[in-house]
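Please look at the aromatic rings and the helix packing of the model shown here, and work through the questions that follow.

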Amino acid sequence: RITAVTRLARAGHPATPRLVRPIVEDPDPAFSSAAIRVLGDLGDEWAVDRLVGALKIGHGPRSRVATEIERLAPAPGPKLVPLLRSSNPVVRFWAATLLRPYPELAGDRLVALTWDVDANVRAAAAETLATRIGPEVGTALLACLEDSEWFVRAHAARAVGDVVGVEAAPTIARLLADEDWGVRMAAQGALRGLGPDA
């Protein structure tokens, strides 16, 4: 089935979108993963839509879907923005992560996600905000340095220097006394990245 659909897809057969859908939705991850790869290889707008839909609904392993979406940049970018408002934190996490290469998109929404109830979402938002600019971005990342979860603080430490610059050094330096080893290492790396002025 996979081989047949793959060959039809490569030939540009008009039945491909209809035929690939049930395979993407197959409960067997081997089938769904193969179909997701076919969609990524095609890269047509309908294929991008199907991949974003699979990420939203949970057809196939989301990490596999995310890999295909990532390599199809920049086409999926605007289609990912609505997923930041999903009720599912896993979807919000992947949307925030995949929007990293699109610095012009969803800055305000990503700032809002630094206060998300899910720590993984907060960490993903902090990491992606490293590619954004603006005072509201810097303020959000500085606030993340006080997050209750160590990995959110670590992501924020690495990101805040990129956005705020040397002015953030004193705040980052306080994390050198953090209770978590990973946060201390992230702070050390961030200060190194800021250079001698830090």
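Q: Is Phe-93 buried, partly exposed or exposed?
A: This is a predicted model, in which local features need pLDDT of at least 70, side-chain atom pairs count only at pLDDT 80 or more, and totals for chains, interfaces and linings use all residues. Residues are numbered from 1 along each chain as its sequence is written, and side-chain values use heavy atoms, with hydrogens and water left out. Buried means under 20% relative accessible area and exposed over 50%, with partly exposed in between (1.4 Å probe, protein chains only). Phe-93 has a relative accessibility of 26%, so Phe-93 is partly exposed.

Q: What geometry do the rings of Trp-150 and Phe-151 adopt?
A: Rings of Phe, Tyr and Trp (its six-membered ring) pair if their centres lie within 6.5 Å, and planes under 30 degrees apart count as stacked, over 60 as edge-to-face and the rest as tilted. The centres of Trp-150 and Phe-151 are 5.9 Å apart and their planes lie at 85°, so the pair is edge-to-face.

Q: How are the axes of H11 and H13 oriented to each other?
A: Helices (H or I, at least four residues) are DSSP runs, numbered from the N terminus, and axes are lines fitted to C-alpha atoms over the stretch in contact, with angles from 0 to 180 degrees between N-to-C directions. The axes of H11 (residues 150-164) and H13 (residues 181-194) come within 8 Å and cross at roughly 0°. Angles under 35 degrees count as roughly parallel, over 145 as roughly antiparallel, 65 to 115 as roughly perpendicular and the rest as oblique. H11 is therefore, relative to H13, roughly parallel.

Notes:
Helices (H or I, at least four residues) and strands (E, at least two) are DSSP runs, numbered from the N terminus.
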